[in-house]
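Let's take a walk through this one together. Have a look at the sequence and the fold, and then we'll go piece by piece.

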Amino acid sequence: MNGVDDLLEHIRAQMTLDGEVEQEILAELRDHLDAAVEQAQAEGMTEAEALAQAAARFGLEEQVGQELQAAHAGKGTADAVVAAALPVICALVLRWLAFAPDGTALAWQQLLSRPTFWVVALAALLIPLLKFERWRYALATWVLFWGLTVIFVALPAQRW
């Protein structure tokens, strides 16, 4: 391990973030530290001096991991909650649109001619794509939405 790895390991030990968020933060820190150390070494400093200067320049004191933890805590959790709630809400709205007040299902032609159906379906597809930085949340949201749609809208509307 070199000095940058040791410093990043010390910072990582202070954080308990979602794995992806933690890795993104550490990768960005590594990029900046490596560039600063290379620049300082090009100016004639030793690796230890260059690392000390870079760490001081970026303000990497003892509590930096805790400060990063506080700044980024809950980011993954909030995305996961939205990723779980959004498809359920959209599927329930589609169910409400698919059934008449007396409980009978509308014909597919009627359902597909309703603009509200298309607005909800497009929202269920586009919001995850625009909201989530991580594709796995968007993909999970789409799978859950369409699964719920088939279970709660399409299957009850079938006339067996």
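In which helix is Leu 129 found? Leu 129 sits in helix α7, and keep in mind as you look at it that this is a predicted model.

Leu 129 also belongs to a nonpolar surface patch of about 750 Å².

Now move to the start of the chain. Helix α1 (residues 3–13) and helix α3 (residues 47–57) have axes that come within 10 Å and cross at roughly 35°. On the α1 side, the contact is made by Gly 3, Val 4 and Leu 7, while α3 brings in Glu 47, Leu 51 and Ala 55. Sort those contact residues by type and you get 4 nonpolar, 1 polar and 1 charged.

Helix α1 has a link to helix α2 as well. Asp 5 forms a salt bridge with Arg 30, and their closest N and O atoms are 2.4 Å apart. That pair ties together distant parts of the chain, with Asp 5 in helix α1 and Arg 30 in helix α2, 25 residues apart. The structure holds 2 salt bridges, this pair being one of them.

Confidence is highest in helix α2 (residues 19–42), at a mean of 85, and lowest in helix α4 (residues 64–72), at 70.

Notes: Residues numbered from 1 in each chain as written. Predicted model: local features only at pLDDT ≥ 70, side-chain atom pairs only at ≥ 80, totals over all residues. Heavy atoms only, no water. Axes fitted to C-alpha atoms, helices over the stretch in contact; angles between N-to-C directions. Helix = DSSP H or I, 4+ residues; strand = E, 2+ residues; numbered from the N terminus. Contact = heavy atoms within 4.5 Å. Nonpolar A, V, L, I, M, F, W, Y, C, P; charged D, E, K, R; others polar. pLDDT = per-residue confidence, 0-100. Patch = residues over 30% accessible without salt bridge, like charges linked within 9 Å, V, L, I, M, F, W, Y side chains within 5 Å. Areas by Shrake-Rupley, 256 points an atom, 1.4 Å probe, with all protein chains shown as cover. Salt bridge = Lys/Arg side-chain N within 4 Å of Asp/Glu carboxyl O.
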